[in-house]
Amino acid sequence: MRLLCRRPKKITVLVLLVIFFVWLFITIIEFSFGLTVTHDLIAPTTSLLKSRELKAFITSAYYYPTSKSLGNNAIALVMSINLVKGPISQMETVLAPDPTELVIMAKNETSSIIVSAPYLRVTPHEVCQIITIFATVQLLPNVKSISMVGDNGMTEIPFTIPSYTKRDVVVCTSPLFVSEQWQNFLFAVHIYRKFGAHMNLYLISSVNSFYELMKEYEREGYMKIQPWVKVDFPGVPRTTADPHGQIEFRNQAASQTDCLLQFKESARFVTFLDLDDVLIPKLAPTYAEEFQKLMEGKKRLAYIFYHKENYDAITVRDSSKFSLKKMFSSLECKHKRETGKIVVDPRNLNYTWIHFPPILPNGLEKYEVTENVITHLKTIIWSDDQDPSSKILIEPSYFDNSSATIISSKAILDIEDDLRKMMRKPRIRKIFPKLPNIHYFTDLVVKCYNDRYYRYHYSGRIGEIKCPGPQLCGFHQHPKIKCTHVNATHNSMEKLSPITYYYATDPHFTEEIGCYSH
C-alpha cells in the first residue's frame, strides 16, 4: 500500500520536469528566431487551408443618403452566393471556414473608408446551392464609388439610390416568366389602383402582346415593370456555382427583398404577392387604412400575415369580350387554404424570404390576420363562351360561408369602369386583339411544377425535393408564340479571395431570346 501511495508523487515530479523542458525549448526558439510560437507557427496553418471558391452575384446595391431605419449614408446589399456546400465540397474535410463578413470600401470627393459588414442569410434552408444573403452598413456622405474588397484586390460595383417618392402601399409582384395570363394582370392591376396601391412587377419574360399591354399600363402610371435579370457567373463551372439549376424559384426571395429595400424610405406599407394573388381590403376603404387598423394598438410588428384562400375563376379567351365584372361574378371559393403572404412596415424589416422572413428582428413580433384573406385564383378557366348568367352582377362570397362578400357591387362597377376607360385608349385598343387566346406555356409550367415539386411538397416527401424552380421544366418553343425576354450584360470578373463578386449592367428587354424562364 505504501508503494502505491508514493507513485503519484513521482508522476507529479516527472510531469513538472516535462513542462519545464517544453517551456525552456519554446523560450530558446523565441529568443533565437524572434518568433511567438503559438501565433507565428501554429496560427498560419489556418491560412494554409484550402478555401472554397465563393461566387456572389449582387442583385441589389442601394445607397441611402438618408434612412430612418438603416441610418444615413447606408448601403444595403442583396446577393446570391454559393454558400451551400455540394457533395464535392463536403468530401473535402479540411477547408478554411467561410467568411462571415463582407468588406466594403467607399469613396467620396475628399475621403475614403473601409468597413466590414456581417451578412445575414435570407434563405432558411439548404436545398439549393445558391442562397440569398443581406448586408447593410453605414458609409460616407455623398459617396461617389463603392467597392467590394478581397484579400488580393477589389471590385467596384454599381449602386442605386432608392425611391423617395411617397406612396401609401406598394405591391411587389413576383418575377413572371413565359407569362400569358393577361386576364390575371388586368384583374390585379385595376384592383390595386382602386384601393390605393402601386404595382411593382418583376419580369423575366412574357408573350409579346402581353408585354405591350403592361408597358401601356406603366405609361399610364398604374404600375412599374422591373427587369429581373438572371444570376450568372461567366467562366465559372457549374460544379462550383450553378446559377441555372441551383437557385430557388427564379431568385424570388432576392426580388422581394430588392422591392422592400427599393421602397423602404418611400412606402408606408409593402406587400409581396404573386400575379394570381389578390388582396381586397375588407376592414377599411383602402389598403393603407386596413393595414393601419390591423397594426394599431399592438406591439411593434415586423409584419402582418394574411392567409390565402383558393378560388376558381372563369374568364374568356376572346379579349374583345373580356370583362372584370364577369370575372368577379364567376369566383367560386374552394375552401382550401394555402401558405399566405405578408404586409410589412418597411421601417421595421430589411429582408424577407418567399412567404415571410426566416427570423424576426429583435424586439419585433408578427400578427396573423384572421379578419381577412388573400383571394388566390388557383384555377382560371379560359372559356370560349361566357355563361349567360354572368350578365348578372354577383358579389363573390367570402370564404367563411357567411353572408359576407369579398367586394361590393359598387366597387366592382368602379373597377369595370376603370378597365373600360383604359380599353378605349387608342394604343391599348390596338393591342387587345393580339392578346393570347390560348395558355400554352401556362399549362407546361403547371404540369411541370406539379410533377417535379408540389406532389412531393404536399405529400410530405420533403427529402425528395430538388432545388425548386422553372429550371426543372422544359420550355418547348411554339412556332406562333413570340416572347419579350429580359437581357443584360454579364462580364467575367477578376478572381478575388475569399469571394469573387459579379453583377449585371444595362438591363433591357428584347424579342431575340425566346420564351424561357432564365
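Lys 299, at 60% relative accessibility, counts as exposed, because the term applies over 50% relative accessible area, whereas buried means under 20% and partly exposed in between (1.4 Å probe, protein chains only). The model is predicted: local features need pLDDT of at least 70 and side-chain atom pairs count only at pLDDT 80 or more, while totals for chains, interfaces and linings use all residues. Residues are numbered from 1 along each chain as its sequence is written, and side-chain values use heavy atoms, with hydrogens and water left out.

Lys 299 forms a salt bridge with Glu 365, their closest N and O atoms being 4.0 Å apart; the term requires a side-chain nitrogen of Lys or Arg within 4 Å of a carboxyl oxygen of Asp or Glu. This pair links distant parts of the chain, with Glu 365 in strand β17 (residues 365-368) and Lys 299 in the loop between α8 and β15, 66 residues apart. Helices (H or I, at least four residues) and strands (E, at least two) are DSSP runs, numbered from the N terminus. Glu 365 has a relative accessible area of 36% and is therefore partly exposed.

The structure holds 26 salt bridges. One of them joins the side chains of Asp 98 and Arg 52, at 2.7 Å from N to O. Asp 98 lies in the loop between α4 (87-91) and β3 (101-107), and Arg 52 in the loop between α3 (44-47) and β1 (54-64), so the contact ties together parts that are 46 residues apart in sequence. Arg 52 counts as buried at 10% relative accessibility, while Asp 98 is partly exposed at 24%. Within helix α10 (residues 409-423), Asp 414 and Lys 410 are 4 residues apart and are therefore separated by about one helical turn. Their side chains meet in a salt bridge (3.1 Å, N to O). Lys 410 is exposed, with a relative accessible area of 58%.

Rings of Phe, Tyr and Trp (its six-membered ring) pair if their centres lie within 6.5 Å; planes under 30 degrees apart count as stacked, over 60 as edge-to-face and the rest as tilted. A search of the whole structure finds 26 such pairs. Trp 182 and Phe 322 are edge-to-face, at 5.2 Å centre to centre and 65 degrees between the planes. Trp 182 lies in helix α5 (residues 182-194) and Phe 322 in the loop between β15 (301-316) and α9 (324-329), so their pairing ties together parts 140 residues apart in sequence. Both Trp 182 and Phe 322 are buried.

Phe 291 and Tyr 306 have ring centres 6.2 Å apart and planes at 70 degrees, so they too are edge-to-face. Phe 291 belongs to helix α8 (residues 287-295) and Tyr 306 to strand β15, so this pair ties together parts that are 15 residues apart in sequence. Phe 291 is buried, with a relative accessible area of 1%. Tyr 192, Phe 195, Phe 269, Tyr 287, Phe 291 and Tyr 306 form one aromatic cluster.

The sheet remains to be described. Four strands form an open sheet in the order β4-β3-β7-β8, with antiparallel pairing; two strands pair if DSSP finds at least two bridges between them. The edge strands, β4 (112-118) and β8 (153-157), each pair on one side only. Strand β7 (residues 145-150) runs antiparallel to β8 and is joined to β8 by 5 bridges. Ser 147 has Glu 156 in β8 as its bridge partner.
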